[in-house]
Structures are given as C-alpha cells and as structure tokens.
Amino acid sequence: MSDERAPRLPPSVINCAAYDRAGRRRDIDLEAISDVLAVDDGSFVWIGLYEPDEGVLEKLQEEFGLHDLAIEDAHKAHQRPKLEAYGDSLFLVAHTVQVVGERIRHGETHAFLGPRYLVTVRHGHSLSYAPARTRLERDPTLMALGPASGLYAVLDAIVDNYLPIVDEFSATLQALEQDVFSETYRRGTIRRLYDLKRELTHMRVAVTSMQDVLSQLVRTGGALVSGDVRLYLRDVLDHSVRAADAVDLLRDMLGTALGVNQALVTLAQGEVVKRLAGWAALLAAPTLIASWYGMNFVHMPELHGRWSYPVLVGAVVLVVALLYSYLRKVRWL
C-alpha cells in the first residue's frame with residue numbers, strides 16, 4: 001500500500017504540481033513548493049488559481065518572492081492587459097472571453113513567470129486551463145522547455161477560444177439575414193444586430209490587447225522565454241491577428257446589415273407614403289371640382305344647362321381616370 005496522500009489545497013487552488021526535467025507530474029501541497037525549488041534539478045512548479053483570497057496570494061508571494069505590486073494587481077483584478085518585469089520574473093495580464101447566454105462575458109488571467117515556476121490566476125468568466133495543461137503534459141519535448149511552455153499553452157488556449165465565438169456570432173448573423181431583408185420592420189432584429197455589434201466591439205478590445213501583449217512577450221521575453229518557446233508564441237500571435245481580422249470583418253458586416261435594414265425600412269415607408277399621396281390626389285381632384293359649386297355666385301351659366309350635370313360627372317370621371325393612369329405609370333399606386 002502506498003504512503004502517498006493527496007495534497008490538501010485551498011478551494012481557490014485548482015492545480016499545484018511539480019514537473020521534473022522529463023515532464024513527469026507530481027501533485028504537491030503549497031508548503032512543499034519551497035522544497036521543490038530548493039533542489040536545482042531542472043524541475044519547475046505550475047500552480048493554477050481561480051479568484052484566490054489574500055491568504056493564498058501571500059503564501060505564494062512568500063514561496064516565490066513575488067513583487068508586492070504584482071500581487072496587488074493579481075488580487076484586485078480589473079487590470080489592463082500588460083507585460084511587466086519584476087526582477088527575474090514576468091507578470092502578464094490577458095483578457096479572456098466566454099459566451100454565456102448569447103452574451104460575451106469577460107474575464108482576466110494573470111500569470112507569474114519565473115525561472116522555475118508558473119502561476120496562473122483566473123478572474124471572472126474564463127474557461128479552465130486543465131485541457132491545455134493535459135495537452136502539454138502529453139508532449140515531453142515541449143514540457144522540457146520549462147515553465148515558459150506552460151505560459152504558451154495558457155495563451156494559446158485563450159486565443160483559440162476567440163475564433164469559435166466569432167464563428168458563433170457569424171452563424172447568428174446569417175440566421176438574421178432573412179429578417180434583415182424583410183419588407184416589414186422588426187424592432188427585435190435591429191436590437192439583436194446592435195447587441196451583436198456591441199459585443200464584438202468589446203471583444204475586439206480583448207483581442208487587440210492580446211496582440212500587444214504577445215508581441216511584447218516575443219520581443220522582450222528575456223532569458224525566461226527561450227528561442228524555442230518564442231517560435232510557439234509567434235504562432236499564437238499569428239492566430240490572434242487572424243482572430244482580430246475576423247472580428248473586424250464581422251463588425252463591418254454587422255454595420256452593413258444595420259445600414260441595409262434601415263435603408264429597406266425607409267424605402268418601404270417611402271412606398272407607403274407615395275401610395276397614400278396618390279390616393280389623396282385622386283380624392284383631391286373631384287373634391288376641387290365639386291367645391292366650385294359650393295360658392296354663392298349668381299351668374300353660373302352651367303347651373304341652368306340641361307346637360308350640365310352629366311357633363312360635369314363625365315369630366316370628373318375623366319380627370320380621375322387620367323390621373324389614376326398616370327400614377328400607376330409612375331408606380332405611385
């Protein structure tokens with residue numbers, strides 16, 4: 001029977017593991033971190049947190065020697081995307097996105113990268129990085145590159161989540177196209193198109209800021225990010241550029257759809273106004289002629305003529321018929 005016991009971790013600590021030079025994993029307690037770091041055998045520690053409290057962050061600060069300002073940022077969240085160097089460590093902030101109830105919800109991931117450790121802190125709406133960790137553990141060659149390879153896996157997972165969201169919104173736009181080109185005005189369609197564009201505008205901020213962080217990381221990663229890892233990070237940067245282009249394209253399409261819908265609604269309203277004006281013209285002609293005979297003049301010769309009334313009726317019918325034919329020709333009726 002094995003004497004090993006499962007490590008006891010606070011609820012906010014999702015994963016706490018040590019990886020040896022060959023990439024083999026060993027789950028550890030927070031108290032065992034210093035023991036792992038004390039032996040310089042090529043191993044490193046990877047810890048994943050979700051909205052940790054001050055006690056957990058203070059413990060990690062003690063174990064890894066993290067800077068006070070970085071710890072303060074990691075606890076408060078609501079930080080702008082950035083990459084900062086604190087001594088021999090890097091502190092990175094990236095924005096994450098996730099679709100919840102047809103709305104894009106935003107979160108943050110903070111990462112502490114050191115020579116022999118990686119700490120990721122998730123806040124708000126963010127998918128778990130367990131699949132990314134599992135995928136990386138299946139590649140010993142990549143795991144041998146150290147904690148920077150773990151940072152690559154996390155950033156790659158964040159960027160890979162962008163494109164499915166864009167694809168989902170694109171499918172929603174295609175479903176709305178029938179309503180966009182409908183001749184009847186539907187307020188719900190306009191509201192949905194506006195909501196989609198607003199969500200994508202906020203998402204664009206997250207995507208473009210990720211590009212800035214990745215570019216800076218590739219250029220100025222220092223000794224913590226080896227040349228081999230930078231090759232993988234450049235690939236993530238390319239994916240983020242593609243995601244940003246897809247977001248911009250979809251935003252343009254949504255803007256065009258809004259404009260087309262408004263133009264069609266305006267055109268339909270104009271057609272209704274033209275038809276109303278046409279019928280008003282048809283009613284105005286006999287009304288004008290008949291109004292002449294409401295005037296109290298004594299000398300109106302046609303009043304005493306035998307055929308005056310039939311002639312008048314015929315004249316009214318003729319005027320109305322000619323006017324109706326003209327309005328039909330110009331498509332006002």
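Modeller: What follows is a walk through the sheet, strand by strand, and then through the helices beside it. Please keep in mind that this is a predicted model, in which local features need pLDDT of at least 70 and side-chain atom pairs count only at pLDDT 80 or more, while totals for chains, interfaces and linings use all residues. Residues are numbered from 1 along each chain as its sequence is written, and side-chain values use heavy atoms, with hydrogens and water left out.

The sheet is open and has seven strands in the order S2-S1-S3-S7-S6-S5-S4, with mixed pairing. Strands here are DSSP runs of E with at least two residues, helices are DSSP runs of H or I with at least four residues, and both are numbered from the N terminus; two strands pair if DSSP finds at least two bridges between them. At the edges stand S2 (25–27) and S4 (82–86), and because each has a single partner strand, one side of each is left without a neighbour in the sheet. Neighbouring strands are turned by 20° against each other on average, direction ignored, where axes are lines fitted to C-alpha atoms, for helices over the stretch in contact, and angles run from 0 to 180 degrees between N-to-C directions.

S1 (residues 13–19) pairs with S2 in the antiparallel sense over three bridges, with Ala18 opposite Arg26 and Ala17 having Asp27 as its bridge partner. These two strands form a hairpin with five residues between them, and Gly23 in the turn has a positive phi of about 90°. S1 also pairs with S3 in the antiparallel sense, over six bridges, and Phe44 in S3 is the bridge partner of Tyr19. Six of the seven residues of S1 are buried, so this strand is largely enclosed by the rest of the structure; buried means under 20% relative accessible area, exposed over 50% and partly exposed in between, with a 1.4 Å probe and protein chains only.

Helix H4 (residues 130–137) has Ala132, Arg133 and Leu136 as its buried residues. Seen down the axis of H4, these fall within an arc of 100°, so they line one face of the helix; the arc is that of the directions from the helix axis to the C-beta atoms. Among the elements that cover the buried residues of H4 are S1, S2, S3, helix H5 (140–143) and H6.

Definitions and conventions. Contact means heavy atoms within 4.5 Å.
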